[in-house]
Amino acid sequence: MSEYVLETQNLGISFGGLKAVQGLDLKIKKNQIYGMVGPNGAGKTTVFNMLTGVYHPTTGKVFLCGEDITGKSQETINHKGIARTFQNIRLFNNMTVVRNVMVGLHNQKEYNSGFITSVLRLPKHFRVEKQMREKAKEILRIFDLEAERNNLSCNLPYGKQRKLEIARALATNPKLLLLDEPAAGMNPNETAELMETIRLIRDKFDITVLLIEHDMKFVSGLCDEVTVLNFGTVLAKGKTADALNDPEVIKAYIGG
Amino acid sequence: MIKQLKNVKWKHFVNYIVVGAALIVFAILRLVGEDVPRSTQFLLQNISIAMILAVSLNLVVGFLGELSLGHAGFMCVGAYLGGKIASLLEATLGNGPLTLLLSLVVGGLCAAVCGVIIGLPALRLKGDYLAIVTLAFGEIVKVIFQNAAPKVFGGTLGLPTPKYSRHELYIYGFALVLITLFVIQNLMRSRHGRAITAIRDNEIAARATGINITKYKLMAFTISAFFAGIAGVLFSYTQSSVQAVKFGYNYSIEILVMVVLGGMGNITGSLISATLITYLNTVLATKLEGDSAVLKDMVYAIILITIIIYRNAPGLKGFREKYNFKNLISKIHTKHHDPAYVKDDEAAWDRVPTKIHMDEILSVDVSVDVSKSTLTPDKPSKED
Amino acid sequence: MDILTTLINGLSQGGVYAMIAIGYTMVYGIAKMLNFAHGDIIMVGGYTLLIFLNMTGNPLIAIAAAIVLCIVLGVVIEKVAYKPLRGASPLAVLITAIGVSYLLQSIAQITQGSNAKMVTFGDMGVLKFGELVIQTKTVVTLISTIVIMVALSIFIKYSKTGRAMIATSEDRAATQLMGINVNKIITITFAIGSALAALAGFFSLLETPQISSTFGAMPGIKAFTAAVIGGIGSIPGAMFGGILLGLIECFTAKVPAIAPYTGAIEFGILIIILLVKPSGILGKKRREKV
């Protein structure tokens with residue numbers, strides 16, 4: 001078992017000559033809340049896409065708990081233990097809230113009922129469905145969404161949709177949770193509440209969190225360490241307060 | 001909420017009840033020796049075939065969300081290979097239920113294999129491209145059966161197949177509809193069905209959530225093709241010979257019309273529209289003569305276009321919400337305003353200023369007034 | 001010499017496919033939809049030709065009438081059926097297009113009957129180059145296609161409207177923000193595509209002078225195949241794909257053993273190309289935003 005939950009070595013990708021990200025070395029320890037910040041277009045989401053297998057990196061390697069997962073498919077990477085949310089929310093809009101979370105539970109071994117069991121509706125099918133529903137409700141309760149469980153997910157207000165997306169990701173039982181701008185579009189109260197929730201799920205589910213966020217108050221209040229990206233390269237990294245006060249970082253953000 | 005759940009379950013059983021009741025009535029009539037008229041038997045056969053086709057296509061189009069324009073191709077495979085097996089078995093086993101059963105299984109499985117083959121492109125292609133590949137597949141199947149091995153499949157003359165006694169075939173037909181419903185409805189109500197719907201709703205999110213896209217796309221295509229194959233075998237039994245020309249692109253479109261008319265992802269709707277269209281086709285075929293028979297195609301086309309535009313046009317969203325069937329019903333039942341339903345734009349529009357002066361920096365507070373809007377009626381919101 | 005004749009026939013047939021394929025590709029590139037009814041516009045053009053030819057006896061008037069009517073039809077279809085669905089799911093748009101195709105075919109069958117009708121433009125004779133004997137109409141088709149394609153390429157590359165078309169196909173929202181009336185550009189695209197369809201109808205009838213309500217369906221689907229093979233959205237791709245398909249068709253028809261399977265071979269090639277290179281031979285790869 002490696003010391004780090006996530007480790008990347010010299011990770012990089014180029015799109016037709018443009019080096020979107022290069023030379024990224026991330027080292028994230030267990031149970032850390034790790035931040036990734038940087039101006040728009042710095043390549044943060046691209047990093048997420050490489051970590052989750054949407055893009056295949058042109059250089060470098062990704063290790064999850066010491067296991068090389070570079071170039072694996074999105075599904076496999078999820079099964080290995082990385083779950084994510086998206087910058088532009090991607091829910092299953094025509095499903096109810098509870099079903100969205102149940103899709104997240106789909107691959108858990110304890111809920112595995114085969115094709116025949118399902119089609120013939122054997123007792124196991126009903127048992128598994130019930131267990132899944134209970135588990136999903138339990139997760140929704142953490143996010144204060146239990147009351148909405150039978151509403152269609154597309155009818156939820158924006159902030160709750162973001163929370164539901166986290167709940168769904170959490171349902172896949174990840175080791176590492178990637179959150180892409182979780183606080184975007186939330187008001188200060190909601191943001192504060194979300195910080196609490198993220199800490200809570202970190203402890204309750206014993207996971208590690210890597211997040212992208214523009215809200216500096218959010219990042220400095222929550223993250224243990226950060227990496228600052230600019231034009232696809234690492235500008236600074238280390239303890240949150242140090243990295244954010246780095247003169248280079250301030251220059252990149254404010255300009256100068 | 002509980003009421004809603006009850007409705008959902010009821011909706012699934014109503015299909016079994018109606019089709020099952022029809023089946024029992026026909027079976028009893030047959031047992032007591034009371035036959036329905038020959039023309040009705042013919043109609044009922046065709047209705048059962050159309051139902052199987054529409055429900056199975058709905059699995060791919062409605063639930064998986066991919067357009068298949070080659071459904072008749074799968075049916076063609078079933079009709080030819082199942083029909084061939086039937087004519088071979090007829091010599092030894094006779095033209096009985098056993099031959100029918102065996103040829104149904106063979107025809108269905110052969111079509112299912114084709115379903116896997118056509119499902120493979122579906123893993124790489126989406127939308128328009130996949131639609132055109134399925135169309136191409138249907139045409140290829142047609143051309144092959146028309147030309148390959150004329151001694152085996154009869155070439156352009158068609159494949160002679162055993163004809164089943166009409167007095168019983170429609171009863172078997174409805175039994176097969178029941179099996180189709182059983183498999184597809186139960187599948188969609190399970191975790192597997194949830195995975196298939198998740199792929200339709202958002203493929204990227206489904207993959208990130210760990211859903212095995214390959215498995216479920218192939219599953220949907222294979223099952224859909226299997227039942228299309230079964231419909232094909234059934235069809236071959238209603239004819240004295242099958243001709244590949246019948247299974248062209250136009251037939252695939254006709255099945256698609258049934259699915260769209262009944263509502264994509266709505267199985268009850270597929271059953272109703274399959275019945276309706278088959279019935280109208282049969283009635284109109286006797287009423288309209290020559291080229292005016294095409295009048296019905298024209299009407300179908302217009303209905304298809306109108307329904308799709310009405311249901312999907314972004315510009316008609318407000319209209320749809322206002323004059324929705326469900327809303328009209330609920331207006332009749334509940335006179336007071338439902339507090340659980342708050343529209344997005346009710347977010348305090350009266351607080352948005354409508355005049356902006358020059359050089360003014362304006363900030364607008366459009367947060368929802370919690371006292372008025374009650375999205376979570378059972379507990380006070382923590383916001384504000 | 002036989003090979004040379006087949007080659008020229010193939011090129012001419014391919015030219016007709018290319019002309020139809022350009023209509024598909026332009027609409028796909030700019031309106032981001034597969035206009036399934038495109039093939040049936042060819043059929044409407046064909047019937048218009050027939051009617052006006054019988055009325056006036058002058059092929060040029062008939063061609064002009066067919067072009068005008070097809071343009072009007074193409075634009076009306078876009079406004080009535082496709083425009084309301086802009087921004088809706090691609091599946092909905094595709095099914096509507098199929099519905100329009102179905103509608104046009106059934107109207108044609110009701111008004112014109114299901115039996116094929118003959119359309120004759122008079123015999124143009126043959127051209128002889130030493131031992132090589134070619135039908136004049138084949139040469140006419142070939143030369144006209146080349147002229148039309150060159151003209152279209154120049155129009156798109158150098159005219160203001162053409163450049164607006166390229167911009168719209170790249171990024172519709174950004175083009176709109178630049179002050180270009182995207183609706184107008186889409187209308188013009190449909191008009192050009194439909195005019196080309198009318199011409200393609202004329203050249204097809206020149207080759208095989210028979211028309212029925214399904215006259216445009218197969219050439220339409222095949223031309224779409226050509227557009228996809230060449231890379232949909234790319235005009236050179238459509239030309240290349242069209243000519244390739246025409247050549248394949250004419251050469252496979254010469255080999256008795258595989259001649260009945262011509263259709264299957266063409267579609268088989270389509271499936272293989274889509275699987276190996278989904279963006280087509282000359283198409284650009286687009287990355288889906290996540």
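Q: In this predicted model, which handedness has the crossing of helix 2 of chain C and helix 8 of chain C?
A: The model is predicted, not determined by experiment. For helix 2 of chain C and helix 8 of chain C, the crossing is right-handed.

Q: Is helix 2 of chain C roughly parallel, roughly perpendicular or oblique to helix 8 of chain C?
A: Helix 2 (residues 38-56) and helix 8 (residues 182-207) of chain C pack with their axes 8 Å apart, at an angle of about 60°. Angles under 35 degrees count as roughly parallel, and 65 to 115 as roughly perpendicular. The angle of about 60° therefore makes helix 2 of chain C, relative to helix 8 of chain C, oblique.

Q: How many charged residues are in the contact of helix 2 of chain C with helix 8 of chain C?
A: Helix 2 of chain C contributes H38(C), I41(C), I42(C), G45(C), G46(C) and L49(C). Helix 8 of chain C contributes residues including G193(C), S194(C), A197(C) and F202(C). By class, this contact has 8 nonpolar and 6 polar residues, and the number of charged ones is none.

Q: Which helix of chain C gives the largest share of the side of chain C that touches chain B?
A: This contact takes 37 residues from chain B and 39 residues from chain C. On the side of chain C, two or more residues come from each of helix 4 (90-112), helix 9 (217-230) and helix 11 (262-276). The largest share, 15 residues, comes from helix 4 of chain C.

Q: How many nonpolar residues does the side of chain C that touches chain B have?
A: The side of chain C that touches chain B has 10 polar residues and no charged ones. Its number of nonpolar residues is 29.

Q: How many charged residues are on the side of chain A that touches chain B?
A: Here 34 residues of chain A are in contact with 30 residues of chain B. At least two residues each are supplied by helix 2 (74-80), helix 3 (97-104), helix 4 (115-120) and helix 7 (188-205) of chain A. The residues of this side of chain A include 11 nonpolar and 16 polar, and the number of charged ones is 7.

Q: Which strands stand at the edges of the 6-stranded open sheet of chain A?
A: The open sheet has mixed pairing and the strand order 7-8-9-4-10-11, with a twist that averages 15° from one strand to the next.

Q: In strand 9 of chain A, which residue is the bridge partner of I33(A)?
A: Strand 4 (residues 33-37) and strand 9 (residues 208-212) of chain A run parallel and are joined by 4 bridges. In strand 9 of chain A, I33(A) has as its bridge partner V209(A).

Q: Which residue in the turn of the hairpin of strand 1 and strand 2 of chain A has a positive phi?
A: Strand 1 of chain A and strand 2 (residues 18-24) of chain A pair in the antiparallel sense over 4 bridges. One pair of bridge partners is S14(A) and K19(A). The hairpin has 2 residues between its strands, and the residue in the turn with a positive phi, about 50°, is G16(A).

Q: In strand 5 of chain A, which residue is the bridge partner of E7(A)?
A: Strand 1 of chain A and strand 5 (residues 59-64) of chain A pair over 5 bridges in the antiparallel sense. In strand 5, the bridge partner of E7(A) is F63(A).

Q: Is A149(B) buried, partly exposed or exposed?
A: A149(B) lies in the loop between helix 5 (127-147) and helix 6 (150-153) of chain B. Its phi is near 40°, a positive value in a residue other than glycine. Most residues other than glycine have a negative phi. Because A149(B) has 10 C-beta neighbours inside 10 Å, A149(B) counts as exposed.

Q: Is K32(C) buried, partly exposed or exposed?
A: K32(C) lies in the loop between helix 1 (2-31) and helix 2 of chain C, and its phi is near 55°. Since 16 C-beta neighbours lie inside 10 Å, K32(C) counts as partly exposed.

Q: How far apart in space are S114(C) and S213(C), C-alpha to C-alpha?
A: S114(C) is in the loop between helix 4 and strand 1 (117-118) of chain C. In sequence, S114(C) and S213(C) are 99 residues apart. In space, the distance from C-alpha to C-alpha is 6.7 Å.

Note on methods: Residues are numbered from 1 along each chain as its sequence is written. Chains are lettered from A and ligands numbered from 1 in the order in which they are written. This is a predicted model: local features need pLDDT of at least 70, side-chain atom pairs count only at pLDDT 80 or more; totals for chains, interfaces and linings use all residues. Two residues are in contact if their C-beta atoms, placed from the backbone, lie within 7 Å. Ala, Val, Leu, Ile, Met, Phe, Trp, Tyr, Cys and Pro count as nonpolar, Asp, Glu, Lys and Arg as charged, and the others, Gly among them, as polar. Axes are lines fitted to C-alpha atoms, for helices over the stretch in contact, and angles run from 0 to 180 degrees between N-to-C directions. Angles under 35 degrees count as roughly parallel, over 145 as roughly antiparallel, 65 to 115 as roughly perpendicular and the rest as oblique. A crossing is left-handed if the near helix is turned anticlockwise from the far one by less than a right angle, and right-handed if clockwise. Two strands pair if DSSP finds at least two bridges between them. A residue is buried if 20 or more other C-beta atoms lie within 10 Å of its own, exposed if 12 or fewer, and partly exposed in between; C-beta atoms are placed from the backbone.
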